[in-house]
Amino acid sequence: MREITKWVVEDTGQKEVFWPSEEMKRLAWVNDASLYRQADEDPVAFWAERAREGLDWFRTWDETYRRDPPYFKWFVGGKLNACYNCVDRHAKSWRRNKAAIIGVREPTGEPAKTLTYHDLYREVNRFANVLKDLGVGRGDRVSIYLPMIPEAQIAMLACARIGAPHSVVFSAFSADSLKDRIEDAGSKALVTCDGYYRRGRAVNLKDNADRAVEGTTVAHVVVFRRTGQEVDWVEGRDHWWHELMEGAEPYCEPEVMDSEDTLYILYTSGTTGRPKGVIHTTGGYLTQAYWTTKWDFDLHDEDVFWCTSDIGWVTGHTYNVYGPLSVGATQIFYEGAPDFPDRGRVWEIIERHGVTVFYTAPTLIRMFMGWGDEWLEGHDLTGLRLLATVGEPISRDAWMWYFEQVGGCRCPVIDTWWQTETGSTLINALPGIGPFIPTVAGRSFPGTRHEILDDRGEALGLGDDPGYLVQRGPFGPGMLRGIFGNPAMYEENYWTRFGHDAYFSSDGARYFSEGNFRLTGRLDDVMKVAGHRLSAAEVENAIATHPDVAECAVVPAPHEIKGETPWAFVRLKDREPSDELAKELTDQVVKVLGPTCRPERIVFTAAVPRTRSGKIMRRILKSLVRNEPVGDTTTIENPESVEDLKTLVGYKE
Ligand code: WTA
């Protein structure tokens with residue numbers, strides 16, 4: 001039975017506050033709210049206990065937490081291997097024959113490819129030797145450009161095994177985007193495939209990989225054969241995965257890594273035109289990945305976990321690889337699209353494979369809602385016991401639909417707030433403790449502390465306006481340890497706004513109730529398009545290289561399904577605006593960045609609002625596309641531009 005308490009909160013009209021059922025409390029790993037207080041009394045001791053209990057270490061650490069602002073370290077002197085923790089220790093236990101990954105494939109009808117922990121052990125060991133045989137060693141970077149097939153996890157774990165940091169690049173990113181990331185990381189090898197299936201069609205991936213590696217440090221390209229389609233081949237550089245695997249030794253000793261050795265680099269969008277390589281290290285990251293997976297999703301050995309994120313995002317790293325595998329869970333890994341062969345696909349997979357815990361993004365929930373409840377009908381979803389979301393704020397409607405239609409009012413909805421930089425979830429309710437409140441993420445994960453600050457850095461409280469969300473020390477063990485090759489950017493992005501005692505998240509937040517956070521969205525020029533993180537500046541750069549473009553400004557506009565989409569305001573040199581030109585510019589963005597970055601609208605304008613010093617006033621453009629009051633316009637040098645733009649975007653006063 002669920003317990004529901006109705007609260008009425010004046011300013012929001014918020015009525016629903018849900019508490020865990022007695023059954024959930026009984027089942028849950030944690031169900032006692034005093035945990036928060038205990039962890040808060042000594043977060044360092046709390047995390048030390050977690051690291052000891054959750055992971056296998058080759059050597060324990062000498063010092064749990066060391067600060068050297070803006071840097072900090074966890075488990076200093078501790079030695080471990082992430083792959084050993086995700087694979088070996090389970091393959092040596094009763095979990096040997098337990099399904100680790102159920103790879104659900106396209107085209108529909110192809111049987112799922114299931115890897116037990118022992119299968120994973122065998123594959124990962126051999127692939128680790130493949131990489132070593134190609135000359136990849138400890139500290140060398142390996143780029144991975146693979147779709148949603150279990151070889152992605154195998155390749156990542158093999159890298160972790162030999163101590164070579166991986167840099168996974170989203171398979172829908174363009175050749176140019178891949179090239180940028182390969183160059184920045186200085187990768188020695190690339191792991192990719194011939195192609196993959198999307199909505200029944202074979203998509204060629206190797207072409208992009210070929211264009212990307214040209215002229216870079218990549219000496220070897222390992223190609224997994226997925227579709228069997230024709231691909232170009234460079235002798236000596238390109239190797240078939242299956243051929244190398246045949247000749248590889250079956251066992252590869254895991255490298256003894258330092259807790260603070262880099263596990264991976266993951267590129268993400270910031271406010272500049274170039275993506276930044278977020279660095280995650282081994283011991284702290286894995287500790288937080290393990291415990292957030294176990295406690296947030298309340299994963300038990302009987303569960304079947306499905307996180308729908310692409311492997312190219314941090315959610316794919318932490319909740320399709322390091323989290324579920326370190327806890328020894330069974331997970332679904334789905335290659336295809338949610339609407340192929342029809343819009344019931346996701347529900348069919350949940351029913352067919354007995355998914356018990358489902359983790360997805362609000363964008364998908366809005367899409368499912370839009371498709372209509374009839375797609376759920378006829379599917380038995382009663383096996384589900386927990387639902388979760390990530391990536392963007394979720395509206396009350398979407399939350400309630402998810403809770404009622406998908407969860408049948410039985411399953412808590414865990415709304416997890418976190419970032420590529422934070423490595424794991426940080427703010428959310430815990431299933432056995434609650435409460436679960438639509439539009440409210442919840443509390444700081446035990447052992448972490450967040451605050452909301454005003455402009456001057458003063459702490460805000462309940463009832464105050466939204467402010468800046470920050471994290472206080474001791475900083476979570478899973479936090480980033482730097483930006484690859486760019487320490488200045490690390491300092492500037494996270495530690496300058498409020499100094500070295502507050503990690504600056506760039507998100508806005510306010511309190512819903514004591515300690516419970518409601519996130520209000522990004523405060524910088526980073527947008528979340530269908531849950532994908534994208535920088536306005538990257539899209540601007542992609543458009544500005546067109547010879548007819550004089551100037552361009554990109555801002556996020558609200559979108560019913562995707563949450564936000566980029567709108568580009570473009571001033572041309574001396575060409576007349578036309579639909580063809582708009583299409584050319586759109587195509588250029590897709591070519592340079594990839595289809596997920598496609599601008600929703602190109603607005604040709606004679607002028608963009610700017611300050612007297614010549615800076616584009618994005619604030620004004622944002623208000624216009626959101627149909628919000630434009631506010632103070634006295635600092636605009638060309639106020640007439642605002643009036644023109646109002647007409648162009650259909651602004652209603
Ligand atoms: C946003 C994704 C509201 C936020 C794990 C953050 C959210 C950015 C939530 C990071 C949530 C993530 N509620 N907003 N539950 N989760 N965000 O790096 O703006 O792709 O800064 O990491 O997503 O996006 P990233």
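This tour moves through a predicted model, from packed helices to a cavity and then to some backbone features.

Residues are numbered from 1 along each chain as its sequence is written, and side-chain values use heavy atoms, with hydrogens and water left out. Because the model is predicted, local features need pLDDT of at least 70 and side-chain atom pairs count only at pLDDT 80 or more, while totals for chains, interfaces and linings use all residues.

**Stop 1: helices H4 and H6**

Select residues 82–91, which form helix H4, and residues 151–162, which form helix H6. Helices (H or I, at least four residues) and strands (E, at least two) are DSSP runs, numbered from the N terminus. Two packed helices are described by the angle between their axes and the distance between the axes. Here the axes come within 7 Å and cross at roughly 120 degrees; axes are lines fitted to C-alpha atoms, for helices over the stretch in contact, and angles run from 0 to 180 degrees between N-to-C directions. H4 and H6 are therefore oblique to each other. In this scheme, angles under 35 degrees count as roughly parallel, over 145 as roughly antiparallel, 65 to 115 as roughly perpendicular and the rest as oblique. The crossing of H4 and H6 is left-handed, a term for a near helix turned anticlockwise from the far one by less than a right angle, clockwise being right-handed.

Now display the side chains. From H4, Ala 82, Cys 83, Cys 86, Val 87 and Asp 88 meet Leu 157, Ala 160 and Arg 161 of H6; contact means heavy atoms within 4.5 Å. Six of these residues are nonpolar, none is polar and two are charged. The classes are nonpolar (Ala, Val, Leu, Ile, Met, Phe, Trp, Tyr, Cys and Pro), charged (Asp, Glu, Lys and Arg) and polar (the others, Gly among them).

**Stop 2: helix H11**

H4 contributes Ala 82, Asn 85, Cys 86, Arg 89 and His 90, and H11 contributes Tyr 322, Leu 325, Ser 326 and Val 327. Five nonpolar, three polar and one charged residue make up the contact of H4 with H11.

**Stop 3: the largest cavity**

How many cavities of 30 Å³ or more does the structure hold? There are three. A cavity is a set of points, on a 1 Å grid over the protein atoms alone, where a 1.4 Å probe fits but cannot get out, and lining residues have an atom within 4 Å of a point. Grid points are joined across faces, edges and corners, and a volume is the space filled by probe spheres set on the points. The largest cavity holds about 50 Å³ of space. Select its lining: Asn 81, Ala 82, Cys 159, Ala 160, Gly 163, Ala 164, Pro 165, Met 257, Thr 262, Leu 263 and Thr 282. H6 and strand E16 (262–268) are the elements that give two or more residues to this lining. Seven of the lining residues are nonpolar, four are polar and none is charged.

**Stop 4: helices H13 and H14**

Select helix H13 (residues 362–371) and helix H14 (residues 396–406), whose axes are 10 Å apart at an angle of about 75 degrees. H13 and H14 are therefore roughly perpendicular to each other. Ile 365, Arg 366, Phe 368 and Met 369 of H13 make the contact with Asp 397, Ala 398, Trp 401 and Tyr 402 of H14.

**Stop 5: backbone features**

Most residues other than glycine have a negative phi, and most peptide bonds are trans. Select Pro 69 and Pro 70, which are joined by a cis peptide bond with omega about 0 degrees. Pro 70 is in the loop between strand E3 (63–68) and strand E4 (71–76). Finally, select Ser 506, in strand E25 (residues 502–513); Ser 506 has a positive phi of about 70 degrees although it is not a glycine.

Methods
On a 1 Å grid over the protein atoms alone, a cavity is a set of points where a 1.4 Å probe fits but cannot get out, and a pocket is an open set with protein on both sides within 12 Å along at least five of seven lines; lining residues have an atom within 4 Å of a point.
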